[in-house]
Amino acid sequence: AEGVVVAIDGPSGSGKSSAAKGVASARGLRYLDTGAMYRAMTWWMQHHRVDADDAAAVAEAAGRPDITMGTDPAAPTVRVDGRDVARDIRTQDVTAQVSAVSAVPAVRERLVAMQREVIAQARRQAGGIVVEGRDITTVVAPDAPVKIYLTASSEARAHRRSGELSGSDVDAIQADLARRDLMDSSREDSPLTQTADALELETTGLGLDEVVAILLELTDRAA
Ligand code: C5P
């Protein structure tokens, strides 16, 4: 039988990663963080002195980085040209430019193709996969049996992020999330959008365990 696909979209800091990993771990599924792939692409551009704001230059270089994702939810990995970049892709530098890089169609075309391959392999060889990002329910896996749009208030999202990072204040984080969400939802190619067939889950005030429990119920119903 084909494995299940759980597609989760939502804005930055909505708690997608923790929830997606929790669901995948609990049901023995694979896990794919597509945001990490856009971050890896952005890190490569910076590392090779390609101007992230020069869309033509980014498009031309988009085919060059060798990005490989490890999909074990307990220990997901990101490699670029063989190098473990798990930490490098979380820096302020990468975060500041990732929305510009991910708006370039050639970048999306390549990464979406890779994501579909990972999903197809997980459906054949594992019980399935939980995939999180901005365009999973709309573009990458619109036929997924479970489609979720995770949201939270911008205050809750900024607080969540300030717990993950260190040394920045919540107001600055909130402003940065707002900037990134605006870019991600107003770009021409595959913007972050909430569609009618994705189930909205508002997580403000909910604990991670409660969010995971709700997602598990939906997953079990679909499997
Ligand atoms: O999820 P995360 O915040 O790490 O994603 C980083 C950025 O990657 C997002 O702000 C967005 O610009 C981009 N992204 C995207 N499509 C996805 C996942 C992430 O454009 N499916």
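Helices and strands here are DSSP runs, numbered from the N terminus. I'm working on a predicted model.

**Ligand, who is around**

I started with the shell and got 15 residues around the ligand, with Arg39, Arg108, Asp135, Asp184 and Arg187 coming nearest. Sorted by class, I have 8 charged, 5 polar and 2 nonpolar residues in that shell.

Next I looked up N or O atoms in side chains facing ligand oxygens. For Asp184 I got 2.6 Å to an oxygen atom of the ligand. For Arg187 the value is 2.8 Å, again to a ligand oxygen. Arg180 also has a side-chain N or O atom 2.9 Å from an oxygen of the ligand.

Then I checked how covered the ligand is: taken alone it exposes 450 Å², and the protein buries 98% of that.

**Ligand, which elements**

I noted α2 (34–47), α4 (92–102) and α8 (170–186) as the elements that give two or more residues to the shell. Which element gives the most to the shell around the ligand? I found that α2 does, with 4 residues.

**Second largest pocket**

I moved on to the second largest pocket, and its volume came out at about 260 Å³. I listed 13 lining residues; Met69, Thr71, Glu117, Val118 and Gln121 lie nearest the pocket centre. Two or more lining residues come from each of β3 (67–70) and α5 (105–125), and α5 gives the most, with 6 residues. By class I wrote down 7 nonpolar, 4 polar and 2 charged residues for this lining.

Technical notes: Residues are numbered from 1 along each chain as its sequence is written. This is a predicted model: local features need pLDDT of at least 70, side-chain atom pairs count only at pLDDT 80 or more; totals for chains, interfaces and linings use all residues. Side-chain values use heavy atoms; hydrogens and water are left out. A residue is near a molecule or strand if one of its heavy atoms lies within 4 Å of it. A polar contact is a pair of N or O atoms within 3.5 Å; within protein, one must be able to donate a hydrogen and the other to accept it, and residues adjacent in sequence count only if both atoms are side-chain atoms. Accessible areas come from the Shrake-Rupley method with a 1.4 Å probe; for residues, only the protein chains shown count as cover. Ala, Val, Leu, Ile, Met, Phe, Trp, Tyr, Cys and Pro count as nonpolar, Asp, Glu, Lys and Arg as charged, and the others, Gly among them, as polar. On a 1 Å grid over the protein atoms alone, a cavity is a set of points where a 1.4 Å probe fits but cannot get out, and a pocket is an open set with protein on both sides within 12 Å along at least five of seven lines; lining residues have an atom within 4 Å of a point. Grid points are joined across faces, edges and corners, and a volume is the space filled by probe spheres set on the points.
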